[in-house]
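Visitor: Please take one part of this structure and go through it closely. I am new to it.

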Amino acid sequence: MATGRTHRPATRSRGIPEATVARLPLYLRALTALSERSVPTVSSEELAAAAGVNSAKLRKDFSYLGSYGTRGVGYDVEYLVYQISRELGLTQDWPVVIVGIGNLGAALANYGGFASRGFRVAALIDADAALTGRAVAGIPVQHTDDLEKIIQDNGVSIGVIATPAGAAQQVCERLVAAGVTSILNFAPTVLSVPDGVDVRKVDLSIELQILAFHEQRKAGEEAATPDGDAPAATARKQSADKGPDGDVPAVMPA
């Protein structure tokens with residue numbers, strides 16, 4: 001079986017823009033849901049709505065894959081699942097190591113979606129000697145002293161860092177020195193890596209802060225509405241609460 005060390009995705013060589021690559025997993029998720037419901041074809045409008053993009057952007061993205069659909073029929077769901085999976089490199093085995101088996105690392109180890117998407121958790125690694133040998137998600141935790149040997153023995157090119165911020169850079173450097181060329185970073189810090197190493201950062205606190213910004217803005221807009229002028233949505237709700245005779249609710253409370 002092929003491993004991540006010897007095969008790389010074809011997207012860069014095919015000239016697919018990074019923005020399109022970032023949307024391919026969204027399309028694949030929507031298509032997989034359709035496939036599980038045995039839906040044979042889907043229109044660009046339906047798939048775009050399911051993926052949260054506009055249909056023109058979707059058609060442009062698929063043109064980079066050489067897939068244009070059939071007028072009046074749409075796209076073949078199963079073929080698109082295969083085509084996108086191939087472009088993302090998911091039709092092969094990608095061994096992954098997770099470094100840092102605290103609460104987050106353990107949750108990632110227990111995530112069942114990795115295997116179904118072409119990723120195999122090959123090893124769990126932690127600096128805490130008390131965790132060594134303990135099974136998490138059926139996989140024994142190994143000590144960081146053996147990190148380099150674990151990477152080489154399993155042919156790993158993708159590493160996941162779920163350590164505290166203070167340890168992340170050193171772990172990153174060891175992963176890269178051992179041959180890892182792609183890193184998914186959950187640690188709340190920015191990693192410095194050499195050219196040729198890809199890093200994707202996942203920071204849950206930043207995402208929550210962005211949501212807090214939008215909530216604050218919505219609250220400010222509501223507060224700015226004149227007291228005598230109810231927003232249209234509130235007016236519609238009040239109207240919907242009235243029964244056919246005006247003030248009497250259509251459904252009386254029990």
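Guide: Helix 4 is followed by Gly-89, whose phi is positive, near 80 degrees. Helices here are DSSP runs of H or I with at least four residues, strands are E runs of at least two, and both are numbered from the N terminus. The model is predicted, with local features needing pLDDT of at least 70 and side-chain atom pairs pLDDT 80 or more, while totals for chains, interfaces and linings use all residues. Residues are numbered from 1 along each chain as its sequence is written, and side-chain values use heavy atoms, leaving out hydrogens and water.

Helix 4 covers residues 77-87, and its buried residues include Val-77, Leu-80, Val-81 and Ile-84; buried means under 20% relative accessible area with a 1.4 Å probe, protein chains only. Among the elements covering these buried residues are helix 1 (18-36), helix 2 (44-51) and strand 2 (75-76), where contact means heavy atoms within 4.5 Å.

Ile-84 also belongs to the largest nonpolar core, of 23 residues, and is one of those touching the most other members. Such a core is a set of buried Ala, Val, Leu, Ile, Met, Phe, Trp, Tyr and Cys residues joined through side-chain atoms within 4.5 Å. Helix 4 is among the elements that give two or more residues to this core, and helix 1 supplies the largest share, seven residues.

How values were computed: Buried means under 20% relative accessible area, exposed over 50%, partly exposed in between (1.4 Å probe, protein chains only).
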